[in-house]
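Please examine the sequence and the structure shown here before reading on.

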Amino acid sequence: IFKNAFLQIPELSKCSVLMRERCRVEETIYNMQQTGPENLQVISDFDMTLTRFAYKGKRVPTTHNILDNRLLIDENCTKKIKKLLNTYYPIEIDARLSTEEKLPLMVEWWTKVHKLLMEQKIRKDLLAQAVRESPSKLREGYKMFFDHLAEQNVPLLIFSAGIGDVLEEVIRQNHVFHPNVNIISNYMDFDHTGVLQAFKGQLIHTFNKREGALAHAAHLTELKGRQNVLLLGDSLGDLTMADGVSNVQNTLTIGFLNDQVEERKELFLNSFDIVLVKDETLEIPNAILKNIFRTPRCSKRT
């Protein structure tokens with residue numbers, strides 16, 4: 001029988017932390033600790049996962065929402081994007097609909113948003129200022145999260161349906177864009193004058209991350225041989241982000257349940273190993289990483 005006496009993570013006992021199988025969670029963390037940081041990789045969503053969902057009662061902007069700045073887009077465009085959000089976001093988080101039903105609607109949503117943004121002739125040189133002026137906030141504990149992964153040379157793969165250029169700027173302005181960070185996202189394509197003309201590559205949205213994961217896995221050589229995966233997300237679509245990882249030994253998934261808690265709690269509990277209810281911090285991922293990075297003890301399972 002697996003004993004957890006050596007695994008002391010008091011943070012897992014908080015009332016905002018839900019687990020369907022605590023023993024399995026603890027055994028997975030133990031296994032990850034035994035093989036050390038050199039066998040670990042972290043794969044995370046960005047918007048509403050590494051960033052806060054809300055702050056002081058107000059929604060924190062996503063990377064798309066950060067572009068809602070008069071420097072970049074006009075009022076009419078803002079209204080149209082907001083209307084699309086109010087139409088499609090309830091569909092994205094509707095627990096009654098299957099992924100298959102949501103898929104074409106998500107493509108429709110982001111294709112329309114990207115078309116509106118391209119019409120605005122967004123200037124690359126104003127992106128940094130728009131990020132500075134936005135109320136965007138990474139979750140509390142972000143510095144420890146990013147810094148510890150960098151110190152231990154653990155790759156952090158950020159997989160986002162948001163806008164990569166904006167996402168990079170948020171991380172850069174928070175001084176945590178370390179060399180171990182890799183980003184897969186929707187990147188803007190600017191013309192020679194620095195004006196947005198298109199978006200690069202295939203559209204990445206909430207429910208096609210599996211295809212993106214498989215397509216990019218071959219290119220990220222620093223992830224090879226790292227068979228333990230800590231995965232963070234706020235949507236069931238995020239669970240496929242690790243599908244490109246070969247020969248996985250241990251996977252631990254953490255789901256941030258930010259919204260529609262009662263309607264989605266059961267679904268999250270059946271899908272993620274750990275569910276964090278309305279938790280605006282990275283306290284739990286940090287506590288788990290701290291445990292994994294501890295020197296493994298010689299204690300054996302009994």
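A residue is called buried if its relative accessible area is under 20%, exposed if over 50%, and partly exposed in between, with a 1.4 Å probe and protein chains only. The model is predicted: local features need pLDDT of at least 70, side-chain atom pairs count only at pLDDT 80 or more, and totals for chains, interfaces and linings use all residues. Residues are numbered from 1 along each chain as its sequence is written, and side-chain values use heavy atoms, with hydrogens and water left out.

Rings of Phe, Tyr and Trp (its six-membered ring) form a pair if their centres lie within 6.5 Å; planes under 30 degrees apart are stacked, over 60 edge-to-face, and the rest tilted. The count by this rule is 4 aromatic pairs.

Because Tyr-88 belongs to helix H3 and Trp-109 to helix H4, their pair ties together parts that are 21 residues apart in sequence; helices here are DSSP runs of H or I with at least four residues, numbered from the N terminus. Tyr-88 and Trp-109 are both buried, and Trp-110 is buried as well. Tyr-88, Trp-109 and Trp-110 make up one aromatic cluster.

A charge sits over a ring if NZ of Lys or CZ of Arg is within 6 Å of the ring centre and within 35 degrees of the ring normal. Arg-59 lies over the face of Tyr-89, 5.5 Å from the ring centre. Lys-137 has its charged end over the ring of Tyr-55, at 4.8 Å from the centre.

Note on methods:
Helices (H or I, at least four residues) and strands (E, at least two) are DSSP runs, numbered from the N terminus.
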